Structures are given as structure tokens and as C-alpha cells.
Amino acid sequence: YSGASLDLGEYSALRMSAFPLRCLEAELCLIFDDQNEITVKATSSTPLSVPEWGEIEFSLPKFDRHREIVAMEWRFRRTQGVPFGILNISQEAAGINIDNIYLVP
């Protein structure tokens with residue numbers, strides 16, 4: 001619903017598909033209405049049947065349900081290979097694709 005609060009406190013994890021999964025570090029940053037934030041590192045990743053695609057999971061921390069989340073940021077970092085935003089000369093993905101974002105009860 002438009003204007004409804006994001007109730008992540010009711011869920012145990014957030015999962016998403018990502019490409020390329022290889023050499024990727026991921027974080028989810030939750031920013032609250034009091035400008036404090038919680039940063040959660042990806043707790044697991046699982047390869048999918050499509051080459052280079054994988055599923056990333058962020059275990060969500062327990063926090064006060066009455067705290068309002070005003071923004072969510074995903075932060076990605078390549079640990080090897082072509083950095084993000086650089087011309088793709090080696091035929092290796094220089095960006096990232098995300099898909100199928102869902103919450104786990």
C-alpha cells in the first residue's frame with residue numbers, strides 16, 4: 001500500500017537473486033527515522049541454475065517494531081575482477097543485476 005511502513009521486523013531474512021555472484025560482497029543498510037542505521041552483511045549465497053546467477057540472503061536483525069525504516073540501501077563490492085563502472089574489456093560483467101527480491105517469514 002502506498003505510504004505503508006516497511007515492517008521488516010516481522011521477517012527473518014531478505015533474499016534476492018544477483019548477477020554476477022562470483023567475487024561479490026553484499027550489504028543491506030536499513031536507515032531509520034532517527035537517522036540511525038543498521039548494516040547487515042549477506043549471510044549466505046547459493047548458486048542458481050543460470051550461470052553466474054546466485055541467491056543472496058541477508059538475515060534480518062530483531063529491532064523495535066515501532067522504529068520506522070525510511071530507506072534501504074544495498075551496497076555491493078567486487079573482491080576481484082573488473083570494478084563496477086569500468087569499461088568492460090574482459091567480457092566480464094562490470095555492473096550488477098538484481099532480481100526476485102522477497103522476504104522470508
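## Residue classes and the model

In the classes used here, Ala, Val, Leu, Ile, Met, Phe, Trp, Tyr, Cys and Pro count as nonpolar, Asp, Glu, Lys and Arg as charged, and the others, Gly among them, as polar. The structure is a predicted model.

## The largest pocket

The largest pocket has a volume of about 210 Å³. Its lining is made up of 13 residues, of which Leu24, Glu25, Ala26, Glu27 and Ala42 are the closest to the centre of the pocket. Sorted by class, the lining of the largest pocket holds six nonpolar residues, five charged residues and two polar residues.

At least two residues of this lining come from each of strand 2 (24-32), strand 4 (44-47) and strand 6 (69-78), and strand 2 gives the most, with four residues.

Strands of a sheet pair through backbone hydrogen bonds, in either a parallel or an antiparallel sense. In this model, four strands form an open sheet in the order 4-5-1-7, with antiparallel pairing. Because strand 4 and strand 7 (97-104) stand at the edges, each with a single partner strand, one side of each is left without a neighbour in the sheet. Neighbouring strands of this sheet are turned against each other by 20° on average, with direction ignored.

Within the sheet, strand 1 (residues 13-19) pairs with strand 5 (residues 54-59) in the antiparallel sense, over six bridges. Met16 stands opposite Ile56, which belongs to strand 5.

Methods: Residues are numbered from 1 along each chain as its sequence is written. This is a predicted model: local features need pLDDT of at least 70, side-chain atom pairs count only at pLDDT 80 or more; totals for chains, interfaces and linings use all residues. Side-chain values use heavy atoms; hydrogens and water are left out. On a 1 Å grid over the protein atoms alone, a cavity is a set of points where a 1.4 Å probe fits but cannot get out, and a pocket is an open set with protein on both sides within 12 Å along at least five of seven lines; lining residues have an atom within 4 Å of a point. Grid points are joined across faces, edges and corners, and a volume is the space filled by probe spheres set on the points. Two strands pair if DSSP finds at least two bridges between them. Axes are lines fitted to C-alpha atoms, for helices over the stretch in contact, and angles run from 0 to 180 degrees between N-to-C directions.
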